[in-house]
Amino acid sequence: MSAFGHSRWNGFPFSASRIRTGRQDADVNAASIPNASAPLPTDRAAAPVLPVATPAAMQPFPRGGHPIGRRQGIRLLPLAAFVWGNRAMPPQPRTRPDHTLIWVTDGRVQLDFPRAHFVLRAGDVRYIPAGTAFAAMPSAGSHGHVALISPSLAAGAEPPLPDRGLAAQAGSHAAQLEATLHELAVEAGNPDAGTLSCLINLLALRLGQLQPGRAPDIPETAPPDLPLIERFLALARQRLGSTRSVPELAAELHSTTAVLDQACLSARGKRAVELIHDLQLESAADLLRNTDRPLSRIAADLGYSSQAHFIRAFVAATGRSPDAFRAQSR
């Protein structure tokens with residue numbers, strides 16, 4: 001029996017993809033798929049030429065027909081480029097307005113729903129219907145494909161696309177599924193209503209052929225990257241007065257803000273910027289206790305934007321003003 005009838009998975013997740021859409025997707029994590037700035041012309045010969053990353057032999061031939069705007073179409077992107085959720089770290093579930101198809105070919109993806117959390121591994125295929133609240137974050141080095149399908153395009157699929165979350169394994173159908181996604185990627189660069197409709201029908205058929213997926217893993221509690229945290233804290237102490245940002249510190253450590261934040265949360269229960277604030281306060285207390293350095297100098301040396309900023313932060317953390325702390329420490 002197909003994965004459509006067996007799936008017990010009610011939610012959905014992302015990596016680097018060999019499938020290219022032929023245009024940049026800088027707004028892929030936007031809350032909705034924006035409309036094109038102007039209607040596409042019906043005359044293909046007069047349409048502006050879009051940059052296409054695929055080889056010339058694989059580019060689509062011009063076709064007649066009515067073009068489909070982005071809101072009514074499909075976008076495909078590499079798994080590694082798709083992180084979804086709110087601005088928290090790690091991201092928390094947030095609703096998407098389009099159907100999301102995720103295929104992990106290498107690595108892992110953490111997938112979170114309001115009341116469930118999973119880890120997806122290589123070979124897992126997941127389909128999340130539009131309107132589902134979820135968060136997804138691929139691990140470093142993960143690969144795979146993500147398709148974002150507008151509800152209007154999916155509505156006419158025959159056979160229909162799943163109306164609930166689908167959990168499946170690509171298995172022996174991986175080559176056919178990849179070929180279908182490739183055709184969709186090529187067509188999405190210069191869409192034609194009839195062709196896209198046929199390809200969506202084929203995609204629905206391919207998904208129906210997949211075998212039910214294994215039960216998704218419950219997220220493992222990975223040990224914190226202690227060497228990274230230790231290097232971060234040592235570097236942050238050296239840079240306290242330089243007003244370096246967390247992304248800049250992460251780059252010096254050959255890491256990313258997301259990886260650094262996750263390591264800090266795992267080891268200390270705080271984000272990287274919060275640990276920097278702790279270091280500032282510890283150093284401030286030591287300078288107040290052991291030196292007569294003016295408050296303005298302490299604020300500047302520790303990277304506060306002003307003396308007033310330093311005083312507010314110190315009072316909020318200790319309940320005492322810097323002057324009162326200094327007097328009581330001697």
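Cys198 is exposed, with a relative accessible area of 53%, whereas Cys264 is buried at 0% relative accessibility (buried means under 20% relative accessible area, exposed over 50%, partly exposed in between, with a 1.4 Å probe and protein chains only). The structure holds zero disulfides, a disulfide being a pair of cysteine sulfur atoms within 2.5 Å.

This is a predicted model, in which local features need pLDDT of at least 70, side-chain atom pairs count only at pLDDT 80 or more, and totals for chains, interfaces and linings use all residues. Residues are numbered from 1 along each chain as its sequence is written, and side-chain values use heavy atoms, with hydrogens and water left out.

**Sheet**

- Six strands form an open sheet in the order β1-β8-β3-β6-β9-β10, with antiparallel pairing (strands are DSSP runs of E, at least two residues, and helices runs of H or I, at least four, numbered from the N terminus; two strands pair if DSSP finds at least two bridges between them).
- β1 (74-78) and β10 (211-212) stand at the edges with a single partner strand each, so one side of each has no neighbour in the sheet.
- β1 and β8 (residues 143-149) run antiparallel and are joined by five bridges.
- Pro78 stands opposite His145 in β8.

**Helix α7**

- α7 (residues 257-268) has 12 residues and reaches 16 Å from its first C-alpha to its last, close to the 16 Å expected at 1.5 Å a residue (the expected span is 1.5 Å times one less than the number of residues).
- Leu260, Asp261, Ala263 and Cys264 are buried in α7.
- These residues cover an arc of only 165° around the axis, which puts them on the same side of α7 (the arc is that of the directions from the helix axis to the C-beta atoms).
- The buried residues of α7 pack against α5 (226-238), α6 (246-252) and α8 (272-290), contact meaning heavy atoms within 4.5 Å.

**Nonpolar cores**

- The largest nonpolar core has 31 residues, of which Phe232, Leu260 and Phe310 touch the most other members (a nonpolar core is a set of buried Ala, Val, Leu, Ile, Met, Phe, Trp, Tyr and Cys residues joined through side-chain atoms within 4.5 Å).
- At least two residues of this core come from each of α5, α6, α7, α8, α9 (295-301) and α10 (307-318).
- α8 gives the most to this core, with nine residues.
- A second, separate core of 27 residues includes Trp103, Leu177, Ala188 and Leu210.
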